[in-house]
Structures are given as C-alpha cells and as structure tokens.
Amino acid sequence: MDAQLRPDRAPAWLKPLVDAIDGGGGAIPRRLLSPRVRQKGGADQAAVLILFAGDPRATALPEDARVLITHRTPHMRSHSGQMAFPGGQIDAADGGPVGAALREAWEETGLDPAGVIPLAVLDSATTGGSNRRVRPVVAYAPEPGNVHPASEEETD
C-alpha cells in the first residue's frame, strides 16, 4: 500500500497549490509535455518528489521557502548532467509512486522520509529522453535536514 497523502497538513502558503492540483491542475505536466513528447498510457514506471520546505506558520510565501532539486551526474544513462527532482523507478516494495518518490529521495539526497508530508500527486507524464511514465509527488517538509549527494553515482 502506498504512503498516505495528507493535503490537510499543507501550510497555508502551499494550500493554493494543493487545492489547484485537487481541482484538476494535476494534468499540467502532461499538457506541457504533450506537444514535445508523445504521451503514452499504461502503468506508472517512475516517480519524482517535488519537495517544498519553509516556515510552516507562514500565510504567504516565506523568505525561507525552497525546493529540493538535484544535479544528475554526467555519466548517467538518462538525464545525465540535468537538474532534476529526486526520483526513479517504482519498485513493487514501494507500494506506489509516493513510496517510490520518498525512497528515491532518501537514496539520492539523504532526505529522511519520516519528516516528509506527502500532499498530492500530479497526473503521470511521459518524459523526453527516457520515454518513461513518471508520476510527480508534491510534498512538504517543515525542515528537511541536511540533504546532500547521498548517491554520488546518481547525484553530484
């Protein structure tokens, strides 16, 4: 079973984004990619974590707001040298895209999944390069801790 989504735990400054995703905005990645990459059906193959962090008490975008982005090492088979959200293949043991995104973020950046609140999932989109169906997972961590290149084969 996949990790539970908790949109009710979004801080006020992220609530409009979560509400927009729930109101049909989850298809945005697919719409943006479809003119450039042929979209395909089928099961999700990979997941990425779009992690926001910042003051949980803020009502507007806080000064300490940030997003976790990695840099893929230049020798990777796909997406080499690109800036990317942490993520990768969904394994059966993950339970689904949320579990996969949390596991991959931990493997790549050392992000402790226990401190992450999954908020919403976007519709799957087929990416260029790898031609895989990827499910973006939006999450929040009040304090993500000391993230770092935990897997130097994947991120630098």
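Buried means under 20% relative accessible area, exposed means over 50%, and partly exposed lies in between (1.4 Å probe, protein chains only). Glu108 is buried by this cut-off, because its relative accessible area is 0%. The model is predicted: local features need pLDDT of at least 70, side-chain atom pairs count only at pLDDT 80 or more, and totals for chains, interfaces and linings use all residues. Residues are numbered from 1 along each chain as its sequence is written, and side-chain values use heavy atoms, with hydrogens and water left out.

**Glu108 and its surroundings**

- Glu108 sits in helix α3, which spans residues 97-109. Helices (H or I, at least four residues) and strands (E, at least two) are DSSP runs, numbered from the N terminus.
- Not counting residues up to four places away in sequence, Glu108 touches Thr70, Arg72, Pro86, Gly87, His148, Pro149, Ala150, Ser151, Glu154 and Thr155. A contact means heavy atoms within 4.5 Å.
- The Glu108 side chain reaches the backbone nitrogen of Gly87 at 3.4 Å. A polar contact is a pair of N or O atoms within 3.5 Å; within protein, one must be able to donate a hydrogen and the other to accept it, and residues adjacent in sequence count only if both atoms are side-chain atoms.
- Trp13 is 95 residues from Glu108 along the chain, and their C-alpha atoms are separated by 27 Å.

**Salt bridge linking Arg135 and Asp44**

- The structure holds 11 salt bridges. Each is a side-chain nitrogen of Lys or Arg within 4 Å of a carboxyl oxygen of Asp or Glu.
- One of them pairs Arg135 with Asp44, with the closest N and O atoms 2.9 Å apart.
- This pair links distant parts of the chain, 91 residues apart: Arg135 is in strand β8 (residues 133-141), and Asp44 is in the loop between α2 (28-33) and β1 (46-53).
- Asp44 is partly exposed, because its relative accessible area is 23%.

**Salt bridges around Arg103**

- Arg103 forms a salt bridge with Asp91, the closest N and O atoms lying 3.3 Å apart.
- Arg103 lies in helix α3 and Asp91 in the loop between β5 (87-89) and α3, so the pair ties together parts that are 12 residues apart in sequence.
- Arg103 is buried at 18% relative accessible area, whereas Asp91 is partly exposed at 32%.
- Arg103 also meets Glu104 in a salt bridge, at 3.1 Å from N to O. Glu104 is buried, because its relative accessible area is 7%.
- Salt bridges with shared partners join Asp91, Asp94, Arg103, Glu104 and Glu107 into one network.
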